[in-house]
Amino acid sequence: MPAQAGIQSTGHYGHNATLTHSPTDMTPFQPGFSGSLLDRADPLRGDAAALALLLQHPQAQLLQLQGFDPALTSEGALVWGLLQGQPDTDSLILLGLLQGIPHFVALQQHSAEAPLYRSPRTMEILSLLGPQDMATYGTARSLIDWHGRHRFCGKCGGATLAHKAGWGRRCSSCDSEHFPRVDPVVIMLAEQGDRVLLGRQASWPLGRYSALAGFLEPGESVEEAVARELFEEAGVRASAVRYVTSQAWPFPAQLMLACIAQVQDAKLSIAKEEIEDAAWFSRDEVRAALNGDAQARFLPPPAYAVAHSLLHHWAWPTEPKRTTA
Ligand SMILES: [Zn+2]
């Protein structure tokens, strides 16, 4: 899927949500899945009296889903309905507050197929959503998926029940508490002179190249994981690693830690069981790809992926724009 530049949508909140990517200038890039306008209202999650009031709020909102994908307005914004009449308030997650109005999403009762990855339809929807709506949806999707995969206690095997407004589960047998997990993943460009190393997997669209990536393992630092993954997948040795930005990736619950590693020796040794190919690309080639040039040497990752933000940062060196609601 080509990069989406300058997407605009008028969201549910009446704000204009605009991706700040302007391919030909130096505008900082807003990473995907960041900048939700909702106040997460953590102190209210365990407050039963406050939660009861929120559930009775006449304007309380419920995120409308179709399966695990969001319903969209004709402008590409999330669809919200009134919560009133929702019979099963035990199955609701409090996503947060906007101007005092609570916003919820309902747990799905049959999600045994989790963990969930992107479907082609999900990818199509993501290319339409503005970043703030994308962030709200990503939070909802990760939480729904986590509940579906944690119906039983990892300690004693007893059934667990959602509590704390959907931000935890408690074992009905041993009373253990369980909380949603986030899995850190390093994603990185190796840099040598004025070139970067990109790779591709056989399952990707023809011509797409992106940053190499891998899960952190127990006991590893971010820098160590970056160096290990680069050596395992491409045979290059990182001499220095710098952090650039991060982004949630709700398929199902990753935190992408985007880095750039310096490499002295450009010789590649590609692990074919991990990636189909890897190659070095010049800054001009990366700029052409991000600009959507039909003659570009490769197809870049989609705009909502942190690899796109990372490549944009490398091609036009500015700090990614961080929005905190
Ligand atoms: Zn238990």
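Colleague: How many bridges join strand β9 to strand β10, and do they run parallel or antiparallel?
Modeller: In this predicted model, β9 (residues 160–163) and β10 (residues 168–171) run antiparallel and are joined by 4 bridges. Strands here are DSSP runs of E of at least two residues, helices are runs of H or I of at least four, and both are numbered from the N terminus. Residues count from 1 along each chain as its sequence is written. Local features need pLDDT of at least 70, side-chain atom pairs count only at pLDDT 80 or more, and totals for chains, interfaces and linings use all residues.

Colleague: And which residue is the bridge partner of H163 in β10?
Modeller: H163 has G168 as its partner, and the two strands form a hairpin with 4 residues between them, where K164 in the turn has a positive phi of about 50°.

Colleague: Switching to the open sheet of 4 strands, what order does it have?
Modeller: The order is β6-β3-β8-β7, with mixed pairing (at least two DSSP bridges between two strands). At the edges are β6 (80–82) and β7 (92–98), each of which pairs on one side only.

Colleague: How do β3 and β8 run, parallel or antiparallel?
Modeller: Strand β3 (residues 61–63) runs parallel to β8 (residues 101–106), with 2 bridges joining them, and L62 in β3 has F104 in β8 as its bridge partner.

Colleague: Now the helices: which residues of α6 and α7 meet?
Modeller: From α6 there are R283, V286, R287 and L290, and these meet L311, H312, W314 and A315 in α7, where contact is taken as C-beta atoms, placed from the backbone, within 7 Å.

Key. Two residues are in contact if their C-beta atoms, placed from the backbone, lie within 7 Å.
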